[in-house]
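Visitor: I would like to learn how to read disulfides in a model. Could you walk me through some?

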Amino acid sequence: MKGGLKVPLISLILIGFVCASVIILAYVKSPFLSYWTPSQDRVFQISPDYKVKDEEVLRERNRSGQSEENVNFESSISNSSTKDKVTEEPITNTEIEGSAGIPPSFTQKGGDLKALEEKNSSREQENEVAAPLNSAGVAIENMTSDSKDHGCNYAKGRWVTDDSRPLYSGFHCKRWLSAMWACRLTQRTDFEYEKLRWRPRDCEMEEFTGVKFLKKMENKTLAFIGDSLGRQQFQSLMCMITGGEDRPDVLDVGRDYGLVKARHAVRPDGWAYRFPRTQTTILYYWSASLCNLTPINASNPLTDYAMHLDRPPAFLSRFLPRFDVLVLNTGHHWNRGKLNANRWVMYVDGVPNTNRKIADINGAKNLTIHSIIKWVDSQLPKYPGLKAFYRSISPRHFFNGDWNTGGTCDNTTPLSGGKEVLQDESSDAGAAGAVKGTAVKLLDITALSQLRDEGHISRYSIKSTPGVQDCLHWCLPGVPDTWNEVLFAQL
């Protein structure tokens with residue numbers, strides 16, 4: 001009996017071994033069976049809910065000025081479901097300095113980063129911005145701008161309400177802001193227009209602060225040259241940098257540029273101020289036409305002036321080598337009445353103009369804009385650190401007439417005509433055409449400003465004439481602040 005049991009026992013053992021082998025083989029080969037044991041990837045995968053929370057934490061850290069490693073980590077955990085989302089957080093300085101097209105792992109630490117920073121610290125190196133990456137590591141197009149291609153169209157976007165606005169007080173910015181443009185000092189009682197912020201559609205616009213601006217512009221000079229709208233942009237920027245507060249440390253350096261009030265003059269031809277800590281100079285020079293003006297008969301106090309349509313203002317020619325950022329504008333002085341009142345006579349090639357097409361106001365203006373942009377473009381190779389902008393025209397909003405025929409802009413409801421700009425092309429085709437093919441950039445503010453008819457001085461001007469409204473100039477704080485934010489984003 002004992003010997004007879006050995007054969008069945010061995011058989012059972014063999015059968016069990018075969019069955020176990022079959023089961024193990026089936027487990028390895030079968031997706032259904034292997035599904036029940038989680039893979040290593042599944043064990044360590046972060047759930048979508050935690051990813052969202054982590055991104056929120058990182059955004060809060062970015063607001064507090066966290067390190068470049070945090071910024072890079074945030075971009076590495078972004079996924080395809082959020083690649084089209086335009087967030088409200090400002091781009092940090094670490095994201096805009098010297099990381100164009102470079103993966104986050106390259107820019108974290110080490111000698112490569114040091115060399116890159118040294119390269120970008122040069123005055124001649126233009127700032128570039130790294131494009132965000134989606135989950136596949138592919139750059140998302142049209143999200144950020146650099147100096148070489150048209151990454152971001154800052155003119156395309158919408159106005160949003162921001163209760164943290166305005167950026168400065170219209171009551172307190174008295175040293176820099178003309179009283180005639182400070183609507184808080186007038187009888188105007190509605191100020192909702194101060195609470196709007198421009199949000200580009202396909203990119204983020206770096207948040208403006210005076211500290212960040214002065215850091216970017218350390219040892220540099222920014223010059224506005226243009227008409228009274230250029231002066232408004234200049235005053236706006238001074239208020240933005242100082243927060244609207246008087247700064248006794250800021251120096252008046254107008255004399256360095258010949259900007260002193262002449263005898264019997266109402267005001268000087270411009271102003272220049274320097275922030276001594278960063279040696280940053282901001283100046284404005286009044287040149288309503290952007291033409292070179294010379295007296296035809298210098299000995300005659302009532303002489304006419306040659307308006308050289310093809311020559312830049314003498315001030316610009318003289319001081320261009322001292323500028324690091326140049327913003328030009330013209331437009332609203334180009335009408336026959338103002339030319340006659342100023343006794344301006346059109347000249348081309350150094351002689352009175354005889355071309356009828358040029359004699360037309362639009363023809364003369366276009367010739368001047370193209371001429372000065374072409375001249376500036378020809379000078380840029382001599383000054384590699386210089387960035388030049390031509391600002392598109394600021395729109396007027398006279399309804400039911402013009403400035404001298406009863407035209408009004410009484411609307412006080414913000415964005416009553418719309419809040420979004422969807423077009424890709426500039427509303428100022430003349431300006432866009434003039435800069436095309438040059439290294440001069442277009443500071444395109446026309447369409448976004450067109451939506452803001454409630455933001456003008458309107459009937460509240462302290463120098464108002466009965467029946468005349470100012471639907472050309474803007475209340476400050478107001479729309480010109482946005483022009484400076486768009487400019488700042490491109491520096």
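Guide: Gladly! Let's start with the disulfide that joins C152 to C203, with an S to S distance of 1.7 Å. This pair links distant parts of the chain, 51 residues apart: C152 is in the loop between α7 (111–120) and β1, and C203 is in the loop between β2 and α8 (210–216). Keep in mind that the model is predicted.

Visitor: Are C152 and C203 buried or exposed?

Guide: Both C152 and C203 are buried.

Visitor: What is a disulfide in general?

Guide: A disulfide is a covalent bond between the sulfur atoms of two cysteines. The structure here holds four disulfides.

Visitor: What is the handedness of the disulfide of C183 and C475?

Guide: The torsion about their S-S bond is about -75 degrees, so the disulfide of C183 and C475 is left-handed. Because C183 lies in the loop between β1 and β2 and C475 in the loop between β16 (470–474) and α16 (479–489), the pair ties together parts that are 292 residues apart in sequence. C183 is buried, with a relative accessible area of 0%, and C475 is buried at 0% too.

Visitor: How far apart are the sulfur atoms of C409 and C471?

Guide: They are 2.1 Å apart, and the two cysteines form a disulfide. C409 lies in the loop between β12 (387–391) and β13 and C471 in strand β16, so this pair ties together parts 62 residues apart in sequence.

Visitor: What is the pairing of the bonded cysteines, numbered in sequence order?

Guide: The pairing is 1-4, 2-5, 3-8, 6-7.

How values were computed: Residues are numbered from 1 along each chain as its sequence is written. This is a predicted model: local features need pLDDT of at least 70, side-chain atom pairs count only at pLDDT 80 or more; totals for chains, interfaces and linings use all residues. Side-chain values use heavy atoms; hydrogens and water are left out. A disulfide is a pair of cysteine sulfur atoms within 2.5 Å. Helices (H or I, at least four residues) and strands (E, at least two) are DSSP runs, numbered from the N terminus. Buried means under 20% relative accessible area, exposed over 50%, partly exposed in between (1.4 Å probe, protein chains only).
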